[in-house]
Amino acid sequence: MKTLFAVILLIFVIGCSHPLEIVGNGDIISASGEHDCLLEDNPCTNYVIGDYDVTYTAMPRAGWIFSEWDGCGNQFPDCSISVPGSTVDLFWGETTPALTAVFTRSDRLVTLNIDKVEAKPFGDIFRSVNLDAGKQLNDAADIDRITQLMCRDPLTCTPGAIRYWDKVQFGRFALEQEITHRSEIAELHSRGFSMFWSLMGTPAFLRNSCSGCVVANGDDDPFHILREVNVLTSDVRNDTGQDIACSCTDDDWWAGPPTVGIVGTSSWLDYLDITISQLLMEFDGANPKLRIGLWNEPDQIWWKSNQASFVTMWCASAQQVRDTLGPGSPVLVGGPDISSWESGINPLDSPALKLIQETCGPAPSTPSSFDFLVYHNYSKSERFLLENSVAEVRSWSTNENLIIDVGEYAAALSGADVTTTCDLSAIASLDGEVPIPIGVNPKAVLCDHRGAAEEVALAATMAAQDHDRLYRFEVWDWGATDMVETRMGLLTVNNLPKPTATSFWMLSQLQGERIAVINELGGAFPFHLLASREGDEMVIVVASQDQTVSEQFTRGLLSDGLVFNEDVAPQLADCTVLEGEDTEAQIAALAQAGTTAQQLLDACPNLNDPTLAASIATALAYAAPRVGQVGETFQLTIEAAGWQGPATRHRIDAYRNTFAKTYRQWTVDDFASPGFDFATEEETLWGYMTEPLDQLDVTDGRLTIEVRPNSVTLLRGAVE
């Protein structure tokens with residue numbers, strides 16, 4: 001090809017100047033560095049003296065891609081030229097046709113059909129929140145904070161759902177009454193909140209061999225002690241007025257389901273009946289806006305018997321709740337808050353959610369004893385992006401429209417953890433800068449703006465799977481300090497502001513008809529987009545995940561069901577192409593080179609499986625578009641018929657986030673001062689978070705925005 005091009009060049013050569021020109025945004029770089037042409041210098045005269053032996057590489061600027069060479073035959077991606085100096089000398093002072101590098105925008109174009117609703121409306125899917133037994137719900141101001149995060153305008157918005165955990169008589173919480181925080185429940189209901197009242201913990205402690213585990217406290221308010229415990233009357237924790245001596249003679253007293261018979265004058269099902277009846281006293285019977293859930297993570301530490309015994313107990317308990325509610329009740333019953341949709345319970349023979357549906361799900365002649373299923377998701381967020389758990393869970397029964405909730409998720413916790421904890425080094429000095437945090441603060445869990453992008457990404461993926469509700473952890477500070485000591489809101493008592501609160505607020509704006517859920521996980525710039533329409537207004541939320549090449553490679557493996565550390569890393573231990581410590585550079589080089597399965601087999605002595613080699617090669621190809629794009633912005637064009645400007649924009653990124661704003665505004669000494677007015681300063685910060693960044697003009701129903709790495713953007717505009 002070099003020889004052929006030299007002949008072509010000689011045909012047109014009339015001198016020793018070979019101009020370099022650029023169309024679009026990019027640079028022309030020569031291998032020797034002597035014939036570079038930067039965009040700022042375009043066009044470049046490019047004088048040639050002596051031998052003209054050079055290879056040119058086209059380097060696109062952020063938001064652009066290299067398209068083609070004009071004046072280099074059919075060479076791509078590099079252009080190589082070889083002309084001897086004797087030929088150059090013959091045409092001294094003349095000029096050849098220019099070599100032109102053509103760059104085109106890497107814009108992503110998203111077309112929204114505002115008249116087409118995707119599945120059911122968003123409703124309150126993005127306006128649901130977790131409360132841990134009311135410990136964060138200390139006063140009316142706390143409820144106001146929740147309402148602010150759920151609603152753009154609390155005066156006109158209907159609040160979303162609150163998942164209210166109630167630690168009802170299990171394990172560590174043996175001395176609590178049947179229903180805790182009744183006044184808070186009544187307050188929430190009076191304000192119109194929809195509630196999910198969840199009994200936290202599996203009551204796997206009452207056995208026939210137990211005695212002294214039901215302690216009278218008046219005629220109508222017994223304590224049910226669901227663990228072996230001895231507490232004297234004088235103990236400050238004991239307000240029953242008598243000694244508690246709950247004991248069991250069976251060595252495995254806690255390792256099975258509570259009996260449906262009588263233990264100490266009470267049965268578990270009777271206890272459920274009493275507890276649910278007390279709960280219903282706080283709700284409007286005609287329109288309670290209430291769900292009741294049974295329990296919390298039985299596949300973890302709470303259940304020590306087998307899965308079959310758990311499902312038997314759970315189905316019987318759900319049916320008891322149903323019987324207590326009575327026929328025609330609008331209250332929904334469900335659970336069991338399994339820690340993972342595919343988890344089983346010892347022995348891990350099959351998913352617990354599958355056995356529940358087979359045991360007490362709908363049958364031709366028998367109605368289901370439950371209305372919805374719940375599982376958690378905060379441990380495998382990256383894997384969850386590539387699963388379709390809702391369809392899988394629903395396939396296990398005959399109910400195609402089974403309600404599926406995510407009981408809680410903490411994407412921001414994962415997002416902050418897998419990047420770095422943030423500190424002052426996370427603050428950009430100017431708009432557009434995206435610094436990398438380098439400080440170490442083990443308590444700084446929820447302050448990384450990248451966690452906010454992860455939050456929206458996971459929420460968008462779950463929305464696409466048609467979950468009914470997503471209950472968030474991030475409104476308060478799980479993981480920062482002890483739950484009892486932290487407070488809800490935008491700032492915490494240990495001085496941590498929460499940009500995830502901003503992403504929560506942004507998502508809560510998607511209250512109307514669902515017109516788009518887009519999760520583009522591959523390509524040069526992975527992003528997530530959600531859009532809804534409410535009357536004559538359209539709301540759009542865009543999140544950009546700044547995946548490294550190696551992270552994208554891992555994501556490609558996950559899409560094929562492979563876990564890098566478990567399935568792939570051991571096979572690549574002695575690969576000659578992976579020597580050294582810079583894994584990112586190595587993976588990028590392999591991806592950019594288009595490494596094949598056979599090349600991997602040749603270079604990796606431990607890799608003997610051609611199928612696995614093919615999967616690794618496919619994952620490398622999946623990651624290849626990210627090479628050179630990490631940390632870069634891109635252009636996203638959104639169009640919708642009838643969209644008219646201006647569009648209001650809010651954004652979170654490394655510069656414009658609550659963490660950066662707080663440290664510009666307040667010092668650590670300010671926070672530590674006894675006179676620091678937390679409430680007032682929180683309102684100031686709230687104003688900063690919710691103040692629009694700017695307004696953009698929509699032209700002919702189209703708007704192009706710059707999407708920065710690890711950013712979240714909210715757009716709001718009018719539609720006809």
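This is a predicted model: local features need pLDDT of at least 70, side-chain atom pairs count only at pLDDT 80 or more; totals for chains, interfaces and linings use all residues.

Trainee: Which hand does the link of cysteine 37 and cysteine 44 have?

Mentor: A disulfide is a covalent bond between the sulfur atoms of two cysteines. For cysteine 37 and cysteine 44, the angle about the S-S bond is 80°, and the link is right-handed.

Trainee: How many disulfides does a search of the whole structure find?

Mentor: One of them joins cysteine 72 to cysteine 79, S to S 2.0 Å. Another is formed by cysteine 575 and cysteine 604, with their sulfur atoms 1.9 Å apart. For the whole structure, the search finds 4 disulfides.

Trainee: How many residues apart in sequence are the parts that cysteine 575 and cysteine 604 tie together?

Mentor: Cysteine 575 lies in the loop between α15 (564-568) and α16 (583-592). Cysteine 604 lies in the loop between α17 (597-603) and α18 (610-623), so the pair ties together parts that are 29 residues apart in sequence.

Trainee: Now the aromatic rings. Are the rings of phenylalanine 66 and phenylalanine 76 stacked or tilted?

Mentor: The structure holds 12 aromatic pairs, and this is one of them. The ring centres of phenylalanine 66 and phenylalanine 76 are 5.3 Å apart. Planes under 30 degrees apart count as stacked. The planes of these two rings are at 5°, so the pair is stacked.

Trainee: What kind of pair do phenylalanine 527 and phenylalanine 634 form?

Mentor: Phenylalanine 527 lies in strand β22 (residues 527-534) and phenylalanine 634 in strand β24. Both residues are buried. Their ring centres are 6.0 Å apart and their planes are at 45°, so the pair is tilted.

Trainee: Which residue stands opposite phenylalanine 634 in β27?

Mentor: An open sheet has its 3 strands in the order β7-β24-β27, with mixed pairing. Within this sheet, β24 (residues 634-640) and β27 pair in the antiparallel sense over 6 bridges. The residue in β27 opposite phenylalanine 634 is valine 707.

Note on methods: Residues are numbered from 1 along each chain as its sequence is written. Side-chain values use heavy atoms; hydrogens and water are left out. Two strands pair if DSSP finds at least two bridges between them. Helices (H or I, at least four residues) and strands (E, at least two) are DSSP runs, numbered from the N terminus. Rings of Phe, Tyr and Trp (its six-membered ring) pair if their centres lie within 6.5 Å; planes under 30 degrees apart count as stacked, over 60 as edge-to-face and the rest as tilted. Buried means under 20% relative accessible area, exposed over 50%, partly exposed in between (1.4 Å probe, protein chains only). A disulfide is a pair of cysteine sulfur atoms within 2.5 Å.
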